[in-house]
Amino acid sequence: MEMRLFKLFTVIVLITEACSSLTEKDDVIQVLLNEIQKLGSKVESLERLQTECVLKSDISEDKRKRLLLPDNPSTSNIAFSAYLTHLDTGPGIGKLREIVFDKIETNLGNGYDMYSGTFRAPKDGLYAFTWTIFVVGGGSTANGEVETELVINGQVHGLLHADTESASDDDSATGFVIKVLNKDDIVFIRTNNRAVPQGILHSNYMRWTFSGWLIE
């Protein structure tokens, strides 16, 4: 655009020199100068618009990075969420009993197995896991109490404890763990080895849940 304006200005100069003897040369020059000014204004507007677009692009990229959004979301769709539909009363399930969350709500990437209660990482990455437990006092024992743990490849990485302290009470707890996993690492929830669960562990107004997702 700048090169075109320079050429146009050069033509004007030549026309002015050639038309020095003409009485209408001032009118011709004025018309051409007006057109140059119009073109110059358009060039400035285009430059401002280009600058604004670059700034908006930079802001959008910075915001995306701060929100930890993946470069290609379609390759990161790994997430699951499941809950229990039934669980025996406290003493019945015993210690080190793996909890099978048999009702799947979401299973993107097919990493969770509703029959075994385990999650197998479909790919390497940073994962988040959360689970909720619930207990009601009653049944064969006066109070309700249960302890669970999140296990990754046989190692405990999270613990939860819920205790009603009475037969007419209920209690719940939620845990959260962030862990780097390799492909095919195994994650599940189980009761721990410290105490036998007591009370009623399932209710129609509260759910045991297990969820996880790939962060990046």
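## An exposed glutamate and its partner

Glutamate 105 counts as exposed, because its relative accessibility is 53% and the cut-off for exposed is over 50%. The model is predicted. Arginine 207 has 43% relative accessibility, so this residue counts as partly exposed.

Glutamate 105 and arginine 207 form a salt bridge. Their closest N and O atoms are 3.6 Å apart. The pair joins distant parts of the chain, 102 residues apart. Glutamate 105 sits in strand β2, residues 103-108. Arginine 207 lies in the loop between β9 (186-191) and β10 (209-214).

## Other salt bridges

The count of salt bridges comes to four. One of them pairs arginine 190 with glutamate 149. Here the closest N and O atoms are 2.6 Å apart. This pair also links distant parts of the chain: arginine 190 is in strand β9, and glutamate 149 is in strand β6, residues 145-152. They are 41 residues apart. Both arginine 190 and glutamate 149 are buried.

Aspartate 184 and lysine 183 also meet through their side chains in a salt bridge, at 3.6 Å from N to O. Aspartate 184 is partly exposed, at 38% relative accessibility. Lysine 183 is partly exposed too, with a relative accessible area of 49%.

## Around threonine 130

Threonine 130 belongs to strand β5, which covers residues 125-136. A polar atom of its side chain lies 2.8 Å from the backbone oxygen of glycine 175.

Key: Residues numbered from 1 in each chain as written. Predicted model: local features only at pLDDT ≥ 70, side-chain atom pairs only at ≥ 80, totals over all residues. Heavy atoms only, no water. Helix = DSSP H or I, 4+ residues; strand = E, 2+ residues; numbered from the N terminus. Polar contact = N/O pair within 3.5 Å; in protein donor to acceptor, adjacent residues only side chain to side chain. Buried < 20%, exposed > 50% of the residue type's maximum accessible area, 1.4 Å probe, protein only.
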